[in-house]
Amino acid sequence: MTLKTGLKRVGLGAVLVMGTALPAMAQDAICGTMGAGGTWIGGAADTSDLNTLTDPFDQMALIMSGGRHVSYFTVSAQTDVRLEAESSDGGDPLVEVYDEAGNFVNSDDDSGGNLSARLETSLAPGTYCMIARTFDGSGTTAYLRLGRDDTPALTAGMNPDTWSDPDSGYTDPWATSGTCEFATAERPFGEAAIDFSAGPVTISAVPNNSPYLGFTLAEPTALTVTAVNPTADPIIAVYDGNNIWLAENDDYDGLNSRIDFMNTLPAGNYCINLRAYNDGSLPVDVALSTYDPAAAMRGMIDRAEASPPLDGSHPVTDLGALPARHRADIQATGAAATWFSFEVTDTGVVAIEAVANGAADPVLVLFDDFGREVAFADDSNGSLDPIMLSRVNPGTYVLALKLYSTDSRALVRMSFESFTPAGR
C-alpha cells in the first residue's frame with residue numbers, strides 16, 4: 001500500500017489520557033467480552049457523553065502486538081460522531097464500534113488518510129465501546145480522538161481538498177480534477193435512473209481518469225456500493241446531488257471497498273468519488289446493487305467479522321467436547337473463513353495454533369455462542385502463524401480460520417488444546 005507523506009497531524013486537545021492495550025481475557029459488563037479491560041474516555045460514565053462535550057476526547061494508546069485498546073463512551077441523543085486513530089510510528093490502526101450488548105456497529109481502517117482510521121457514523125442513544133487495534137496485529141502507539149462531526153478532527157481525512165500539503169510539496173491529483181457537484185451530468189452508469197431489475201449494475205472506471213461517477217435513483221433505495229481491484233486498493237465516498245458527503249470506505253473486504261446504505265436513500269442524483277491508494281491507473285469495477293441484509297451477513301461471516309448461526313444454515317465443523325489435544329489439516333482460503341465449533345466443559349484456557357509455514361498468513365477469531373468476539377490472533381513469535389490463548393468458561397465456542405490475503409489458498413495445520421486448573 002502506497003503511503004502519502006508530508007501530511008500534518010492535528011495537535012491533541014486538552015483531554016489526554018494514556019492507555020495500554022493488552023489482550024483482553026476477562027468478562028466485562030460493558031459491550032460483553034468485547035469491552036473487557038476498557039476505560040471511560042471521560043474518566044467516568046457521566047462524563048463520557050459525546051453530546052455534551054466542548055472539545056473532543058483524546059487518548060494516547062500503547063497497543064501491544066496482538067492486543068487492542070478499549071474506550072467506553074455514551075451518546076445521550078442521536079449523534080453524528082467521528083472516531084479516529086492515528087499511529088505515531090508508522091503503524092496501521094483500525095477502529096471498531098460495538099454497542100452495550102457487544103453487537104458490532106461499524107468499523108474503519110484507512111479513511112483518515114496516511115493509514116489512519118477515521119470512522120464517521122451516526123449513533124443512537126446508548127453506551128458504546130471503541131476498540132482500536134492494528135490491521136496486521138502488530139504493535140503501535142496511537143493517538144485516539146472521540147468526538148462529534150462538528151468538533152475538530154485529528155486526521156486529515158480522505159476529502160480531496162485536504163490532501164495537499166504545501167510544506168511537503170505533495171499535491172494530491174484528485175484535488176484538481178473536478179468535484180462531485182457536476183458529476184451527475186456525466187452519468188457513467190447510464191443517462192436513465194438505475195434499473196436493478198436484472199441485478200447489480202457494474203462499470204469499470206480508472207480512478208485517475210474518472211474520479212467522479214454520477215448516477216440516479218428513480219425511487220427510494222437501500223443501496224450497496226462496491227469497488228473491486230485489490231491491486232489498485234480503491235477508496236470510495238458517496239455524495240448526494242447537493243455535493244453533501246454521505247459515507248466513505250476503504251478496505252471493507254481485504255483491499256476492496258464497500259458501503260452499505262441500510263436505510264433507504266431518497267430518489268435523486270448521487271455521486272461516487274473513486275480513488276486508489278496504490279495505483280490509480282488501474283481499472284476498478286464499481287457496482288451498484290440493492291442492499292441485501294442476508295448477503296451482507298454472509299459477507300461478514302466469510303470475513304470472520306461475525307459468527308455463523310449453529311442451525312446448519314452455514315457450514316461449521318463440530319469438534320464436540322474439546323479434548324486435551326486435537327489436530328486437523330485444513331485447506332484454508334482468504335475468500336471465506338472456515339468455521340469450527342467446540343464445547344468447553346470446565347473453566348480453563350484453550351490454546352489454538354494455525355501453521356502455514358510461510359505459505360500463507362492465517363488469522364484466528366474466536367466467538368462465544370452468542371456471537372461475541374472472545375479472542376483474535378495473528379502473527380505470533382516472529383512468524384505469520386498465529387497462536388491464540390484464551391481464558392474460557394463452560395459453553396459453546398465458534399472459531400474462524402481465514403487467510404489474510406483474500407486471493408490466497410493454503411494447507412494449514414491446526415492444533416486445539418484445552419487446559420484446566422490443577423485439582424479439577
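Modeller: Let's start at a turn: in the hairpin of S23 and S24, with four residues between the strands, Gly-371 takes a positive phi near 95°. Bear in mind that this is a predicted model, where local features need pLDDT of at least 70, side-chain atom pairs count only at pLDDT 80 or more, and totals for chains, interfaces and linings use all residues. Residues are numbered from 1 along each chain as its sequence is written, and side-chain values use heavy atoms, with hydrogens and water left out.

Colleague: How do you know that strand S23 (residues 362–368) and S24 pair?

Modeller: Strands here are DSSP runs (E, at least two residues), numbered from the N terminus. Two of them pair if DSSP finds at least two bridges between them. S23 and S24 are joined by five bridges, so they meet that rule, and they run antiparallel. Among the bridge partners in S24, Ala-375 goes with Leu-366 and Phe-376 with Val-365.

Colleague: What makes S24 an edge strand?

Modeller: The open sheet has five strands in the order S19-S21-S26-S23-S24, with mixed pairing. Strand S19 (317–321) and S24 are its edges, each pairing on one side only.

Colleague: Is S24 (residues 373–378) largely enclosed or largely open, and why?

Modeller: Buried means under 20% relative accessible area (1.4 Å probe, protein chains only). Five of the six residues in S24 are buried, so the rest of the structure largely encloses this strand.

Colleague: Why is the 28-residue set called a nonpolar core?

Modeller: The term covers buried Ala, Val, Leu, Ile, Met, Phe, Trp, Tyr and Cys residues joined through side-chain atoms within 4.5 Å. This set of 28 is the largest, and Phe-342, Leu-399 and Met-414 have the most contacts inside it. Elements giving it two or more residues include S23, S24 and strand S26 (395–403). A second, separate core has 25 residues, Leu-217 and Val-286 among them.

Colleague: What is Leu-399 in contact with?

Modeller: Contact means heavy atoms within 4.5 Å. Leaving aside neighbours within four places in sequence, the partners of Leu-399 include Trp-339, Phe-342, Leu-364 and Met-414.

Colleague: How do you know that Cys-31 and Cys-129 form a disulfide?

Modeller: The rule asks for cysteine sulfur atoms within 2.5 Å. Those of Cys-31 and Cys-129 are 2.1 Å apart, so the pair qualifies. The count comes to one disulfide. With 105° about the S-S bond, the link is right-handed. Both Cys-31 and Cys-129 are buried.

Terms used
Buried means under 20% relative accessible area, exposed over 50%, partly exposed in between (1.4 Å probe, protein chains only).
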